[in-house]
Amino acid sequence: MVEELNELKNRVLSIKNTEYSYLVRDIEKYLNDPGKIDEIKIALRDAELKIQEKMAEEIRKKEEIKERERQKEMLYELLAKAGEVGGVETGKAEIGKEEIKLEASISPTYTFNNFVVGEFNRFAYAAAKAVAEKPGTVYNPLFIWSGPGLGKTHLLNAIANYIKDNNPDMKVLYTTTEKFSNDLIEALQNNKLLSFRQKYRNVDVLIVDDVQFLAGRERTQEEFFHTFNTLFTVDKQIVLACDRPPKDIPSLEQRLVSRFEGGLIAQITPPDFESRVAILRQKAKENGWTVEDDVLNYIAQHFENNIRELE
């Protein structure tokens with residue numbers, strides 16, 4: 001009797017530690033009463049059956065979502081081949097005829113060596129450096145966010161430049177969300193969707209700035225989601241930058257929020273006074289200027305929230 005009751009207690013405990021704990025709340029109060037063992041068995045069996053039904057329903061819903069996404073993807077492919085996407089009939093699709101210059105947008109002046117590190121950005125810097133050193137193996141995706149002018153673009157370019165210098169065989173694509181969206185629109189209009197996908201999915205590292213501009217762009221979000229999945233499933237590195245955390249991007253599909261939050265999120269805060277002075281000294285050094293400390297201090301005191309304004 002005692003052993004049987006202990007077994008029932010363990011089964012209840014295993015359910016209590018899950019999202020279905022509400023199903024065994026009424027059972028718990030009888031667990032120390034051997035006279036209620038038959039009632040406990042019946043109630044517990046009913047609870048376990050309900051859990052099985054709910055789990056089966058969740059699996060079914062997930063499979064339905066996956067199937068709908070698969071069918072959407074097939075539809076886009078068929079429309080592209082037929083030349084009917086976006087209402088444009090252009091005949092046979094032209095695929096693979098464009099030479100894609102992947103690194104056109106990377107600025108060589110932004111590197112880790114000239115990035116001024118302070119308490120306000122140390123975490124984001126360390127994460128970016130780790131990703132650059134081992135792309136696709138740590139912090140994937142890496143999502144960097146901050147207000148404007150605090151060094152996100154510098155870090156994105158630094159990652160790209162580091163990988164180019166140390167892994168020259170890797171394909172690195174640095175772009176903006178606006179460029180991604182414009183390229184998608186052009187591809188749809190000119191029946192070159194497959195060329196577009198080849199450009200963005202045939203890379204080792206995809207770096208995308210200004211992700212907040214995905215807001216409200218349903219077709220761009222759809223394409224970005226599948227691009228993300230294609231790269232992520234084969235361990236290609238994805239780095240994103242935004243002016244806010246993923247959950248605060250308006251009208252962003254929950255599945256994208258989930259993907260963006262699935263890696264590491266690093267925030268950059270406004271720099272403190274000492275960091276602002278250090279940034280000014282770095283810029284003066286880069287330009288070969290000799291600037292008095294009083295001047296640097298004055299500038300740092302009057303520009304508090306934006307590194308770009310300091311520069």
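Helices (H or I, at least four residues) and strands (E, at least two) are DSSP runs, numbered from the N terminus. This is a predicted model, in which local features need pLDDT of at least 70 and side-chain atom pairs count only at pLDDT 80 or more, while totals for chains, interfaces and linings use all residues. Residues are numbered from 1 along each chain as its sequence is written, and side-chain values use heavy atoms, with hydrogens and water left out.

**Sheet**
- An open sheet is built from 5 strands with parallel pairing, in the order β2-β3-β4-β1-β5 (two strands pair if DSSP finds at least two bridges between them).
- β2 (172–176) and β5 (264–267) are at the edges with a single partner strand each, so one side of each has no neighbour in the sheet.
- β1 (residues 142–145) and β4 (residues 237–242) pair in the parallel sense over 4 bridges, with I144 opposite A241 in β4.

**Helix α7**
- Helix α7 (residues 193–201) is largely enclosed by the rest of the structure, because 7 of its 9 residues are buried (under 20% relative accessible area; exposed is over 50%, partly exposed in between; 1.4 Å probe, protein chains only).
- Among the buried residues of α7 are F196, K199 and Y200.

**Salt bridges**
- There are 14 salt bridges, each a side-chain nitrogen of Lys or Arg within 4 Å of a carboxyl oxygen of Asp or Glu.
- D183 forms a salt bridge with K179, with the closest N and O atoms 2.9 Å apart.
- D183 and K179 lie 4 residues apart in helix α6 (residues 177–189), so about one helical turn separates them.
- D183 is buried at 13% relative accessible area, whereas K179 is partly exposed at 36%.
- K199 also forms a salt bridge with D183.
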